[in-house]
Amino acid sequence: MRFSVVHLKCETALDTLRNRHGTITDTTTAVSARTERNRDAAAAFTEHLLPHTQTLLATARSAIDSMPPARHHGAWLLLLDDLDHAATHIHRILTDTTPPGSGAAREQHRALWPYLTAWAEHSTILTNLVGQHRTPAPEFTGQQQAAWTERAQAAHERGELEPFESWYDAPGRLITLAYLIEDDTSTILVLAGDLDQRDWQVLGRHDNEYQAGQLAPPPVPPGVLRPDGSRYQQHLAIPEVSLQELIHDVNVAGHSGDVAEVLLTAADDTTGAPGPLERLGELVRTAGQFADALETRQGRHTAARLNFVARQLSALTRELFDAGEELSSTVGVLPPHRVPRPRFVTTPEAAATTAPSTSAPTAVTTAAAALPVRGR
């Protein structure tokens with residue numbers, strides 16, 4: 001959490017230094033923001049994690065050894081080896097004592113950053129694996145489980161079962177915590193299975209969320225949609241124009257060509273700099289892939305809806321692009337009666353009372369008098 005706060009503070013500072021085209025204009029301030037980020041991240045890691053890295057890694061490895069075999073254990077072990085490698089380099093880099101605030105200290109913190117990032121990215125995996133060593137409460141069995149399951153499934157059909165958190169446990173079961181609401185009172189149930197199927201069961205009940213979280217089967221690390229993704233990567237790869245800017249450009253436009261350019265920008269589907277509508281389609285398609293990857297009945301249903309929306313957006317993008325090209329072929333300009341509003345006065349009388357009084361014509365009024373009079 002501390003690392004994320006430090007990273008977000010830096011990214012927010014860098015965003016304020018970018019111009020409309022995404023270029024950082026104040027490089028000195030940008031360097032200062034990154035230096036501060038590197039220093040704060042190094043300090044937080046050194047204080048809270050550095051003395052415990054090997055203990056955490058050993059505990060996580062022993063947790064995997066105690067689990068039922070699964071195909072993803074090799075990948076988890078590889079991640080732990082990656083963290084071990086990063087920890088080794090962190091210890092090595094920190095063996096050199098540097099004066100605080102010196103150039104050597106700044107260089108040391110910069111060298112630490114990629115290794116600290118690896119630990120921050122995989123902190124959830126490490127936490128979940130270490131948490132496998134806690135002992136869950138005994139699960140319902142036999143008649144007790146059958147009675148609670150029947151009761152919960154009936155409540156689910158009435159809309160009185162409200163899920164609020166889910167995860168997978170070591171044996172591969174989908175665990176869900178849900179409120180069972182009956183007679184204006186609620187209790188928390190621990191469920192196993194896909195709630196959109198008929199074979200899910202109740203494993204236990206608890207009085208509050210904390211108790212349920214501590215005594216339910218512990219979660220294993222959740223999966224990711226893109227194995228090579230990182231929340232700490234620079235996400236601004238290509239400068240893009242926001243919808244707010246495009247709307248503003250239309251509001252201040254006077255010629256059809258200006259608006260045509262805005263529409264073509266919004267509908268641009270090139271790989272160089274996709275427009276906002278294309279980006280929205282990409283967002284919907286990616287969300288659909290995520291929903292489908294949940295491998296549940298509801299997830300597949302939601303994925304189908306999102307894929308339908310993505311197809312509609314694709315058609316809308318083509319229509320918008322065609323409309324932009326159509327407008328670009330129109331040599332149009334807004335008629336002169338669409339006059340801008342004054343900023344300070346609302347009536348000719350007000351304009352007369354606020355006009356400066358001079359004994360001689362100003363350069364502006366002289367120039368204005370020399371202009372030809374049209375439309376009289």
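The model is predicted: local features need pLDDT of at least 70, side-chain atom pairs count only at pLDDT 80 or more, and totals for chains, interfaces and linings use all residues. Residues are numbered from 1 along each chain as its sequence is written, and side-chain values use heavy atoms, with hydrogens and water left out.

View A. Glu 182 belongs to strand S2 (residues 174-182) and Arg 151 to helix H7 (residues 142-158), so that the pair links distant parts of the chain, 31 residues apart (helices, H or I of at least four residues, and strands, E of at least two, are DSSP runs numbered from the N terminus). Arg 151 counts as partly exposed because its relative accessibility is 38% (buried is under 20% relative accessible area, exposed over 50%, partly exposed in between, with a 1.4 Å probe and protein chains only).

**View B. Salt-bridge network of Arg 61, Asp 81 and Asp 84.** Within it, the closest N and O atoms of Asp 84 and Arg 61 are 3.6 Å apart. Asp 84 lies in helix H4 and Arg 61 in helix H3, 23 residues apart. Asp 84 is partly exposed at 21% relative accessibility, and Arg 61 is partly exposed at 23%.

**View C. Salt bridge between Arg 158 and Glu 160.** The N to O distance is 2.8 Å. Arg 158 is partly exposed, with a relative accessible area of 48%; for Glu 160, also partly exposed, the value is 28%.

**View D. The largest nonpolar core, with 28 residues.** Such a core is a set of buried Ala, Val, Leu, Ile, Met, Phe, Trp, Tyr and Cys residues joined through side-chain atoms within 4.5 Å. Leu 80, Leu 116, Trp 119 and Leu 129 have the most contacts inside the core. Two or more residues come from each of helices H1 (2-15), H2 (27-48), H3 (53-66), H4 (73-93), H5 (103-121) and H6 (123-130). Helix H4 gives the most, with seven residues.

**View E. Glu 326 in helix H12 (residues 297-328).** Glu 326 counts as exposed because its relative accessibility is 59%.

Key:
Salt bridge = Lys/Arg side-chain N within 4 Å of Asp/Glu carboxyl O.
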